Amino acid sequence: MASSSAAVADRKAGPYAWYVLVVLFLVYALNFIDRQILTILAPHIRRDLGLSHADIGFLYGTAFGVFYALFGIPLGRLADSWHRVRLMSIGLALWSTMTAVSGLSRNGLQLAAARIGVGVGEATASPSAYSLISDWFPRRQRATALAIYSAGIYFGGGFSLYLGGAIVDWWNAAYPVNPPFGLVGWQAAFMAVGLPGLVLALWVLTLREPMRGQSEGLRAPPHPTPFKSFLEDLLTIIPPLTLIGAARNGATALFRNLVVLALVAAAVYALLRLGEPLPQWLAVGIGVYAVYSWSAALRHRDAPTFSLIIGTPAFIAVVLAYGLNAFLAYAVAGLAPSYAAQVFGVTSREAGLWIGGPAILGGFLGVTLGGIAADRLRRRYASGRIMVILFGSLAPIAPMVIAFTTTDKSLFYAMLPITQVFASCALGAAAAATQDLVLPRMRGTATAAFFIGTTLIGLALGPYLAGRVADLTGSLSTGILSLLVTLPLAVGAAIAALRLVPAAEASREARAKAAGEPL
């Protein structure tokens, strides 16, 4: 049996696997076009809706990120038990529709509601895609495949800046008064990038669904009741239904849940007393409480999955290390266009071209080369992938500091893609490391847990805190660079992962069996 599994793992991916990867890359690119386009439109949105830098950080990061993270958990579990291709198609149609609906917003509240819808829809994508890629590609090619998929982040994010900047400037110039349907440039841009996703959703629906676990010879049987499990997950993560979910696990579980709820509520109240805005910290508080409720319920419902994810310090260290990398990266991505407009007085079209264009190349090179390096280092060292994560925590700092302190526009434009090359190299390594720490049937859930780090830590906090400090100090440079105070924690988490991951990966099956997994 072991030799059979080894033979399967040694195979190379076939042509259809690479075709699937191309389609998934396009889905992820559109994912980030719809997610990232708000950043290039931010100066226009701030002017028309009367918003602050912190408000833009909330809309770009928190309103999207918290609900992306939370719904990623039950949707990740659904990806582990249902048809992943169908799930992704439905999610793609939803987030594309909500992106188009963003173009109908007349105030910040309406735009926030649309961004929440985008987050819920996009939560289907990566759990499904990571699981599909892990089944189509053997372990020896997995980091490379996941890195190529993840390059969609930078292609989509960069292209969104160019496309959004071009649309908003052209529309406003063409229709300075009485625009069609009463839509100004930023509203038209949202609609222009949202609607094509409905066509792509139909294409995705044509992909074949692989056997779960086929790349490792550990084929998992279909889940008998996938939607029952999904609904049970919703009970564990959507307040106040979380109280019902906790009560089902006994009085002690309910009491602990109420204690955590009270502590989170007290923390949110304290922040409000300090003058912080309610929407930001209410959303973060909901996220923290909901993640606790879900993880506590997971311990009761699926002890092996809990043991290999929440109960594995190596997994937590990888998530924290990369989450803090994303904390800086999302802040830079979210505020760089506004910084260029404020400091250098450039148009949206110019910012989109000179920030977005190099971002495509820089991100693609970084994540692809990082993934290849991670796979090669993994073949030589048990913790080889973690070395790339550690490098990704340290290498971007110098070009980032130069970019946001220089008064030379050309140097600013040059430093941003260098920052992105170094920051993005860790993504494929971190994604593959988390996938290797769990069993095939747990991959969607592991992906959801991984993205909690990149959203609740990175996306929900990074752009907002940078914007908040910028509002308080009057300097976007200070706002962005102030986040470097988290660097020691990021390095410490990466070093911890470097020490812990090899043993955790080697003991994966044994620990799962000890927790009750029938192997």
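Accessible areas come from the Shrake-Rupley method with a 1.4 Å probe, and for residues only the protein chains shown count as cover.

The model is predicted: local features need pLDDT of at least 70, side-chain atom pairs need 80 or more, and totals for chains, interfaces and linings use all residues. Residues are numbered from 1 along each chain as its sequence is written, and side-chain values use heavy atoms, without hydrogens or water.

**View 1. A nonpolar patch on the surface.** Phe155, Phe159, Tyr162, Leu353 and Trp354 together have about 470 Å² of accessible area. Helix 7 (139-174) and helix 16 (348-380) each give two or more residues. Helices are DSSP runs (H or I, at least four residues), numbered from the N terminus. Helix 7 gives the largest share, three residues. Leu353, in helix 16, has a relative accessible area of 40%.

**View 2. Helix 12, residues 251-273.** Ala253, Asn257, Val260, Val264 and Val268 are buried (under 20% relative accessible area; exposed is over 50%, partly exposed in between). Gly275 follows helix 12, with a positive phi near 100 degrees.

**View 3. Ser128 in helix 6 (residues 125-136).** Ser128 is buried, at 0% relative accessible area. A polar atom of its side chain lies 2.9 Å from the backbone oxygen of Thr124. Beyond neighbours within four places in sequence, Ser128 is in contact (heavy atoms within 4.5 Å) with Ala79, Arg84, Leu87 and Met88.

Conventions
Patches are made of residues with over 30% relative accessible area and no salt bridge: like charges are joined within 9 Å, nonpolar side chains (Val, Leu, Ile, Met, Phe, Trp, Tyr) within 5 Å. A salt bridge is a side-chain nitrogen of Lys or Arg within 4 Å of a carboxyl oxygen of Asp or Glu. Buried means under 20% relative accessible area, exposed over 50%, partly exposed in between (1.4 Å probe, protein chains only). The expected span of a helix is 1.5 Å times one less than its number of residues. A polar contact is a pair of N or O atoms within 3.5 Å; within protein, one must be able to donate a hydrogen and the other to accept it, and residues adjacent in sequence count only if both atoms are side-chain atoms.
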